[in-house]
Each structure stands twice: as structure tokens, then as C-alpha cells.
Amino acid sequence: GVFLILSEVKPQAGCWILLVWAGIHPFLYAQQRNLEFLLESVTIIGGLLILLSSERSVLRERARLQLPGGEGAAAAREQKAAAAEESGRLLLVGRVALSAV
């Protein structure tokens with residue numbers, strides 16, 4: 001996951017891999033009753049959600065710059081609005097989770 005993010009090969013896939021790991025590793029190490037450990041994991045998940053939101057915004061901006069103008073403007077606006085809403089939700093959840101500790 002870290003390699004995918006740092007090498008910029010597939011940063012979104014790297015974020016998802018690390019999100020899954022951060023979510024399950026307290027249970028793999030039998031630390032589900034350790035509140036501090038769980039909150040640290042939630043904080044890490046929050047940071048990864050913020051990173052995922054940023055990577056999605058970068059990808060969306062690159063796609064926008066490559067699109068020819070004129071065709072499908074209404075559909076593009078709807079798609080952009082939906083993507084902005086999703087990005088906003090990811091940021092909100094990430095920021096709340098980041099402040100868990």
C-alpha cells in the first residue's frame with residue numbers, strides 16, 4: 001500500500017489497502033479492548049481518508065483537463081457535483097476520525 005502511494009502508481013488502491021489494514025489490525029493482534037490502540041487506528045484511518053479524498057480530486061482534475069469541451073456539458077456538471085459531494089463526505093469523515101485521540 002505504501003509503495004503504491006509513494007510511487008504514485010496507484011495511490012487510490014494503496015489508500016484502500018492501508019485503510020483495510022488499519023481497520024483489521026487491532027483485531028488481528030487481539031487489541032480490540034485496548035481503547036488507545038483502537039483510537040490510534042481510527043486516527044490513521046482518518047488521515048488515509050483525507051489522503052484518499054485528495055487523490056480523487058487530483059485524478060478528477062486530470063480527467064477534466066483531458067476532456068474535450070462542448071460535448072456532454074450537463075452530464076459533466078452532474079458528475080462533477082456528485083464527485084465534489086463524495087469528496088466532501090470523505091474529508092468530513094476523515095477529519096472527524098483524525099481527531100479521535
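Okay, let me start with burial: a residue is buried under 20% relative accessible area, exposed over 50%, and partly exposed in between, using a 1.4 Å probe and protein chains only. By that rule His-25, at 12% relative accessibility, counts as buried.

Before I go on, this is a predicted model, where local features need pLDDT of at least 70 and side-chain atom pairs count only at pLDDT 80 or more, while totals for chains, interfaces and linings use all residues. Residues are numbered from 1 along each chain as its sequence is written, and side-chain values use heavy atoms, with hydrogens and water left out.

So, the overall layout. The chain has 4 helices and 0 strands, and reading along the sequence you get α-α-α-α. Helices here are DSSP runs of H or I with at least four residues, strands are runs of E with at least two, and numbering goes from the N terminus. Of the 101 residues, 21% count as buried. The chain exposes about 7,200 Å², and carbon and sulfur atoms supply 64% of that; accessible areas come from the Shrake-Rupley method with a 1.4 Å probe, and for residues only the protein chains shown count as cover.

On to contacts, meaning heavy atoms within 4.5 Å. Take the contacts between residues at least 6 apart in sequence: 59% of them join residues at least 24 apart.

Back to His-25, then. His-25 is found in helix 2. What does His-25 contact, leaving aside its neighbours within four places in sequence? Phe-37 and Ser-41. Ser-41 turns up again among the buried residues of helix 3, along with Thr-43, Gly-46, Leu-48, Leu-49, Leu-52, Ser-53 and Arg-56.

Helix 3 covers residues 35-66, which is 32 residues. The expected span of a helix is 1.5 Å times one less than its number of residues. For helix 3 that should give 46 Å, and the end C-alpha atoms sit 47 Å apart, which agrees.

Also in helix 3 we have Leu-51, which is partly exposed at 28% relative accessible area. Not counting residues up to four places away in sequence, Leu-51 touches Ile-5 and Cys-15.

Now the surface. Which residues form a nonpolar patch there? Val-20, Trp-21, Ile-24, Leu-28 and Tyr-29, with about 520 Å² of accessible area together. Patches take residues with over 30% relative accessible area and no salt bridge, joining like charges within 9 Å and nonpolar side chains (Val, Leu, Ile, Met, Phe, Trp, Tyr) within 5 Å. A salt bridge, for the record, is a side-chain nitrogen of Lys or Arg within 4 Å of a carboxyl oxygen of Asp or Glu.

Ile-24 belongs to helix 2, residues 11-28, and is partly exposed at 40%. Trp-21 is partly exposed too, at 39%.

Next, aromatics: rings of Phe, Tyr and Trp (its six-membered ring) pair if their centres lie within 6.5 Å, with planes under 30 degrees apart counted as stacked, over 60 as edge-to-face and the rest as tilted. That gives 1 aromatic pair. The rings of Trp-21 and Tyr-29 have centres 6.4 Å apart and planes at 90°, so the pair is edge-to-face.

Last, two loop residues. Glu-8, in the loop between helix 1 (2-6) and helix 2, has a positive phi of about 60° although it is not a glycine, and is exposed at 59%. Ala-30 lies in the loop between helix 2 and helix 3; its phi is positive at about 55°, again without being a glycine, and Ala-30 is exposed at 57%.
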